[in-house]
Amino acid sequence: MTTDTLDIKITQTQNSRLQQTDFANLPFGKIFTDHMLVADYADGEWKNFEIVPYGDIALSPAISSLHYGQAFFEGLKAYKHADGKVSVFRPEKNGARFNKSAERLCMPELPVDLFVNSIAALVDVERDWAPTQAGHSLYIRPFMFATDPYLGVTPSKTYKFMVLTCPVGPYFTKPLRVKFETHYTRAAEGGFGYAKAAGNYGGSMLPFKKAADEGFDQIIWTDAKEHLYAEEMGAANVMFVLDGKLVTPSTRDTILDGITRDTVLTLARDWGMPVEERRVSIAEIVEGAKSGKLTDAFGAGTAATIAPVGAIHHEGTDYTLSEPTTREFSQKVLKTLDAIRYGAAEDTHGWNHLVG
Ligand code: PLP
Ligand code: COI
């Protein structure tokens with residue numbers, strides 16, 4: 001099926017929850033819009049693209065996504081502009097990454113134009129749900145899961161593709177106290193850390209819980225082999241400004257190739273800032289924090305946006321960084337990104353996909 005033949009059946013809800021929704025209080029991922037998109041994969045093709053009222057779905061208890069984790073997701077956002085237009089940020093990048101995850105988990109690819117157009121159609125139906133307050137957006141959660149009712153450990157022959165949307169506010173509301181995680185591992189070489197596999201997130205919950213119990217807001221994952229190099233921060237990429245350079249771990253099979261990360265690197269290069277994508281050691285970050293050469297540190301992700309690190313803990317010591325509002329680089333990134341996404345600045349890279 002190509003875009004030209006993508007025919008989405010739309011069934012409007014009779015009971016919109018829009019008027020009852022408190023837009024001044026939007027916890028991440030708890031409030032869903034009125035509709036969702038559903039499509040099926042069977043007999044080697046994608047079909048039955050439908051936008052239906054949001055609600056529960058019936059499934060066999062034997063589906064292999066529940067037993068063996070043949071499931072993955074994406075995350076992206078739509079923004080409402082001052083003139084009422086609504087745009088989705090870089091959806092074709094998520095579409096390409098969607099297919100990398102699909103390939104790693106032996107699941108069928110979804111042509112990027114079908115991915116983008118499915119999302120655009122749903123966001124268009126839900127455009128009144130896109131919040132208007134600063135820092136708010138419509139979070140979009142596409143996902144795919146195996147639906148064969150079969151307990152054999154082999155790839156399913158049938159799948160569902162679905163998209164949910166949630167109006168959201170900021171994911172983090174204060175600078176983060178983080179630690180380098182040197183015991184647990186998020187991903188190892190040859191594994192699937194580069195995919196947005198559901199299992200990567202299930203496996204992160206115990207390390208997060210333990211870190212939270214110790215008073216940390218997030219962890220910086222380190223490499224599986226030696227635990228000497230930074231990889232990612234929670235469910236976001238990690239970036240540092242060290243000695244005037246933007247430094248971030250280079251992508252590899254243990255690291256999710258983040259779209260926010262790519263966006264920040266592109267802006268930095270536009271501004272003539274030196275950029276280094278390479279292995280980043282704990283030792284140099286701690287050294288930079290001690291010497292004052294580490295002037296910025298933040299997580300970069302769709303949900304996280306640009307999440308400033310307030311303090312980095314390592315081996316019994318907290319290294320406190322400067323007050324986030326005084327940090328030149330991440331403040332400029334945040335301001336520039338917001339201006340582009342909310343349509344207040346020229347979108348020179350063509351990142352906004354307008355819907356409707
Ligand atoms: N790393 C992980 C593990 C993530 O879950 C995310 C969130 O999507 C990111 C990085 C950031 O990626 P993106 O900027 O594409 O949202
Ligand atoms: C996203 O930023 O979309 C993520 O994947 C983070 C999510 C797991 C909360």
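Okay, let's start at the ligand: a polar side-chain atom of tyrosine 201 sits 2.5 Å from an oxygen atom of ligand 1. For glutamate 232, a polar side-chain atom is 2.4 Å from a nitrogen atom of ligand 1. Taken alone, ligand 1 exposes 390 Å², and the protein buries 96% of that (areas by Shrake-Rupley with a 1.4 Å probe).

Quick housekeeping: this is a predicted model, where local features need pLDDT of at least 70, side-chain atom pairs count only at pLDDT 80 or more, and totals for chains, interfaces and linings use all residues. Residues are numbered from 1 along each chain as its sequence is written, ligands are numbered from 1 in the order in which they are written, and side-chain values use heavy atoms, with hydrogens and water left out.

So who else is around the ligand? There are 15 residues surrounding ligand 1 (a heavy atom within 4 Å), and the closest are Lys196, Tyr201, Glu232, Thr260 and Thr302.

Now, cavities: on a 1 Å grid over the protein atoms alone, those are points where a 1.4 Å probe fits but cannot get out, and lining residues have an atom within 4 Å of a point. The largest cavity is lined by 13 residues, and Thr260 and Thr302 are among those nearest its centre. Its lining draws at least three residues from each of domain 1 (3-169) and domain 2 (176-341), with bounds from an automatic or database domain assignment.

And the second largest cavity? Which residues line it? Tyr201 and Glu232 are among them, including Arg186 and Trp221 as well.

Methods. 1 Å grid on protein atoms, 1.4 Å probe; cavity = no way out; pocket = protein on both sides within 12 Å on 5 of 7 lines; lining within 4 Å. Polar contact = N/O pair within 3.5 Å; in protein donor to acceptor, adjacent residues only side chain to side chain.
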